[in-house]
Amino acid sequence: MRAALILALAVLVTAACLLLALSRDAPQHASLEPPLPKIAPAPEFALTSQDGAPVTLADYRGKVVAVTFILTMCTTTCPILTPMMSFVQDQLGRDFGAKISFVSITVDPERDTAEVLQQYAQSFGANFAGWSFLTGTPEAIRDVAQRYGVYASKTANGDVEHTFLTSIVDPHGILRVQYLGVRFDPEEFRRDLLSLLKE
Amino acid sequence: MMYTMQDRRRFLATLSSAVAAGLIGPSNSVAQEAPPETTTIRLARNRSICIAPQYVVGGLLQAEGFTDIRYVMTDAGMGQSKMLASGEIDFTLHFSPILLIPIEAGEKISIIAGVHVGCFELLAIERIRSIADLKGKTVGVPDLGTSSHVFVSSMAAHVGLDPAKDINWVRSPSISPMELFADGKIDAWLGFPPEPQELRARKIGHVVVNSSVDRPWSQYYCCMLAGNRDFIRRNPVATKRVLRAILKATDFCVSDPAGAARRMVDGGFTTQYDYALQTLKEVPYNKWREYDPEDTIRFWALRLREAGMIKSNPNKIIAEATDWRFLNQLKRELKG
């Protein structure tokens, strides 16, 4: 009788420890978060990378990819976004490049040539194994920005004003979530990227 | 303790989202992102510039598939609500109470999101230091039933005054009440951008209430996105796309107020860049996700009842004239 009681107690304690360990290891709130919605097939694009190579969205099938829009001459809020993504890049460890990629598309293709983008990327510590900076013809850029729902417009003095939007595309090419502006939570962003690897 | 509260709030929010997601079900499928049912959209334009997101949304609406974006001239008060109900405009950002009064009267308006707080400032002569001090004083309004009349009446009733008897309303449809106030002909006046900015720059009067920062007004949406109910019923995809564009435009106002002010000037919505920029920096445009729009309906319905302007209870208005489906979906799809 006593042995059975000890055994039951041991089972209970073990289960409690296991539960505690699991709850510690699991990303916070991950089990409570509903899956990211499936918004639509992500708009395709065919652009040119910082090293002159052609890049399409289809190249990223099988990976989770974050697509964002930048311009290197921006001095106001844009410089917040790229360092934030660089921070998340480092947090992703070995998954970055192998399973998760970033794509930053310029909305100022006339000034942001492949060379300019390369320098910009290096200045923010971008790891080219998983992060591409893309440019293209003004028409191609305008088209892809519009299809992602980004507004970009050239002002009279040649600057470009634009809305900030970072989109996550799942391994099947489906747009799953978009982040407005540059103030989004990097931890939530990282969690959302990882959640798609587990689906 | 702080973290515990945060976690609990987050847990409840997550739970609500999960429940909502379950209820919405198939509407979260890829199929929901079909092209809009109509490519024409008509929005209001008027002398108020606090509805800035509505004025900078053009490019974002184009990105959503709208090719014919029209701005229809309206007043900034009840006339705008009536044009919305009659289908002369499809959507507008409008002051919540000015939507609730015609809704109670049976007008076909649906409120689909809260967008921003603030906008209004009550300026008064030195002797007036609080709302209660308005008793027996002259307050200028363009007319009875306008936004400023409804708001001041609500504030007065909230502190125990009878707005109909205790305030001497000066109706001035032709001369702006702001000018009457500047000329010393009235004691107080409630305005929305760009007029309070202009009066402050001229150092005339002092601010008694600023609805961007003063409670309880700052805790509820000023402007909510409302649509013609038939349009929303016929065009659910277009409705969601309009709301998404407005929310992005709202974010643009926060991220790049100078760019948004420039867009408003370039688009001919205002000639006063400085006041537009000041408005964009002062009005809290970053609250669309934070507050519960239903709380705003409840709050204003109760204030309007206190002021004797409506009789319905808030739940009836919420049941009949709100539609949060699109907002709830976009809260999941648009983070940040």
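# Briefing: chains A and B

In chain A, helix α5 (residues 138-148) has four named buried residues: A:Ile141, A:Val144, A:Ala145 and A:Tyr148. They share the same side of α5(A), because they cover an arc of only 100° around the axis. The model is predicted: local features need pLDDT of at least 70, side-chain atom pairs count only at pLDDT 80 or more, and totals for chains, interfaces and linings use all residues. Residues are numbered from 1 along each chain as its sequence is written, while chains are lettered from A and ligands numbered from 1 in the order in which they are written.

**Terms**

- A residue is buried if 20 or more other C-beta atoms lie within 10 Å of its own, exposed if 12 or fewer, and partly exposed in between, with C-beta atoms placed from the backbone.
- Helices (H or I, at least four residues) and strands (E, at least two) are DSSP runs, numbered from the N terminus.
- Contact requires C-beta atoms, placed from the backbone, within 7 Å.

**Chain A**

- Chain A has 6 helices and 10 strands.
- Buried residues make up 37% of its 199 residues.
- Of the contacts in chain A with a separation of 6 or more, 72% are between residues 24 or more positions apart.
- The arc quoted for α5(A) is that of the directions from the helix axis to the C-beta atoms.
- The cover over the buried residues of α5(A) includes β4 (64-70), β5 (100-106), β7 (152-154) and β9 (165-169) of chain A.
- A:Gly149 follows α5(A), with a positive phi near 85°.

**The chain B sheet**

- Five strands form an open sheet in the order β7-β6-β8-β5-β9 (chain B), with mixed pairing.
- Its edge strands, β7 (168-171) and β9 (206-210) of chain B, each pair on one side only.
- The twist averages 30° from one strand to the next.
- Strands pair if DSSP finds at least two bridges between them.
- Strand β6 (residues 138-141) of chain B runs parallel to β7(B), joined by 4 bridges.
- Across that pairing, B:Val141 stands opposite B:Arg171, and B:Gly140 stands opposite B:Val170.
- β6(B) also runs parallel to β8(B), with 2 bridges.
- There, B:Gly140 has B:Trp189 as its bridge partner.

**Helices of chain B**

- Helix α6 (residues 147-158) of chain B lies across β5 (121-124), β6, β7, β8 (188-191) and β9 of chain B, at about 115° to β8(B).
- Axes are lines fitted to C-alpha atoms, for helices over the stretch in contact, and angles run from 0 to 180 degrees between N-to-C directions.
- Helices α11 (residues 236-255) and α16 (residues 325-333) of chain B pack at about 55°, with axes 10 Å apart.
- α11(B) and α16(B) are therefore oblique (under 35 degrees is roughly parallel, over 145 roughly antiparallel, 65 to 115 roughly perpendicular, the rest oblique).
- Residues that meet here include B:Leu243 and B:Leu247 in α11(B), and B:Phe326 and B:Leu330 in α16(B).

**Backbone exceptions in chain B**

- Most residues other than glycine have a negative phi, and most peptide bonds are trans.
- B:Cys119 is not a glycine, yet its phi is positive, about 90°.
- B:Cys119 lies in the loop between β4 (109-116) and β5 of chain B, and is buried, with 26 other C-beta atoms within 10 Å.
- B:Lys203 also has a positive phi, near 55°.
- B:Lys203 sits in the loop between α9 and β9 of chain B, and counts as exposed, with 7 C-beta neighbours inside 10 Å.
- The bond from B:Pro193 to B:Pro194 is cis, with omega near 10°.
- B:Pro194 belongs to the loop between β8 and α9 (195-201) of chain B.
- A cis peptide bond also joins B:Arg215 and B:Pro216, with omega about -5°.

Methods:
Contact = placed C-beta atoms within 7 Å.
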